[in-house]
Amino acid sequence: MKASWLAPIFLILSGLMLVLHPSKGQAKELIACGHPYYPPVSWVQQEQLIGVAPAVVKLIFAELGYQVRLDVVGNWKRCLSEVKTGHADIVVAAYRIDSREPDFDFSEQHIVDDPIGIYVNPNNNKIYHSLNELKGKTVGLLFGDSFGDSLDKFIDEHNQIEYVSEGQQNLKKLAQGRIDFIPLGIVSGKLQTQKFGYSKQIIAAPFKLKTEYYYLALGSHSELSRHLPYINQRLNELHQSGKIEQLVTQYSKTYLDSSTEANKP
């Protein structure tokens, strides 16, 4: 008699253990997305999201027992919206700005630093020496773009904004003189202008802006925030070991070595 009622209890307890501690074959799948035009942080190549941030996110969450599916959901604004509304779980890397704080739980440790530059067309016979000289000018931005609270505020108050969905559209417009400037990370800007053959038509203006940072961002609706202490610890370790610096070098080369057609979503 004792064995007859113990067996069902054993099965129930076994099932609970599987739920609480899933095996690798039963790892829960998470959905992640990222900026589709920001190498080496993240970009879309052959319909796959790749880059430093996707690689780091997959590594850390695999250690936590999850599988991460990197989704190409459309433009950058759509990615942020998908995670905000709970249709996806993770933004692999995003700026931590005031307007995003209510909807995302950010890591304290950044994934990559991102010194910001102002990219202009030197053939317009105008060299800008300060941000104030750009007042009244036309800026090209991607839907969903942010370059930190202070620069976002300056642009909103002083510039005419033309939005596009794809990064190459902005570069082409600037090279043709149809817009006056583009804010862009120095590293990403160098990669993109070299990649698309605009090194002579597009250069960084000779003044510095502040350095912003890309953080891992979780939808505030999810329960993944409980893992943030571990995520922060691992991000710090990856910086200390030189792993992230290695990934920046690796993915910069990957981006430049790929064909331009391969980088279209």
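Buried means under 20% relative accessible area, exposed means over 50%, and partly exposed is in between (1.4 Å probe, protein chains only). I'm jotting that down first, since I use it a lot below.

**Ground rules**

I'm working from a predicted model, where local features need pLDDT of at least 70 and side-chain atom pairs count only at pLDDT 80 or more, while totals for chains, interfaces and linings use all residues. Residues are numbered from 1 along each chain as its sequence is written, and side-chain values use heavy atoms, with hydrogens and water left out.

**Entry 1: aromatic rings**

I looked up the ring pairs. A pair of aromatic rings is described by the distance of the centres and the angle of the planes. For Phe, Tyr and Trp (its six-membered ring), centres must lie within 6.5 Å; planes under 30 degrees apart count as stacked, over 60 as edge-to-face, and the rest as tilted.

How many aromatic pairs does the structure hold? I found eight. One of them is Trp43 with Tyr251, edge-to-face, at 6.2 Å centre to centre and 80 degrees between the planes. Trp43 lies in strand E3 (residues 42-45) and Tyr251 in helix H8 (residues 243-257), so this pair ties together parts that are 208 residues apart in sequence. (Helices, H or I with at least four residues, and strands, E with at least two, are DSSP runs numbered from the N terminus.) Trp43 is buried at 1% relative accessibility, and Tyr251 is buried too, at 15%.

Next I checked Phe143 and Tyr163. Their ring centres are 5.3 Å apart and the planes are at 15 degrees, so this pair is stacked. Phe143 lies in the loop between strand E9 (138-142) and helix H4 (149-158), while Tyr163 is in strand E10 (residues 160-164), so the pair ties together parts 20 residues apart in sequence. Phe143 is partly exposed at 30%, and Tyr163 is partly exposed at 43%.

I also noted a cluster: ring pairs link Tyr38, Tyr95, Phe147 and Tyr214.

**Entry 2: a charge over a ring**

The charged end of Lys195 sits over the ring of Tyr255, 5.5 Å from its centre. To count, NZ of Lys or CZ of Arg must be within 6 Å of the ring centre and within 35 degrees of the ring normal.

**Entry 3: the largest pocket**

Where does the largest pocket lie? Domain 1 (29-114 + 213-263) and domain 2 (115-210) both give residues to its lining, so it lies between them. The domain bounds come from an automatic or database domain assignment.

I noted that H4 gives the largest share of the lining, five residues. Helix H3 (76-84), H4 and E10 each supply at least two. By class, I have nine nonpolar, four polar and 10 charged residues in the lining. (Ala, Val, Leu, Ile, Met, Phe, Trp, Tyr, Cys and Pro count as nonpolar, Asp, Glu, Lys and Arg as charged, and the others, Gly among them, as polar.)

Which peptide bond is cis? I found the one from Pro39 to Pro40, with omega near 0 degrees. Pro40 is in the loop between strand E2 (37-38) and E3.

Then I looked at Gln46, in the loop between E3 and strand E4 (48-50). Its phi is near 50 degrees, a positive value in a residue other than glycine. Gln46 counts as exposed, at 60% relative accessibility. Glu47 is in the loop between E3 and E4, with a positive phi near 65 degrees. Glu47 is exposed as well, at 62%.
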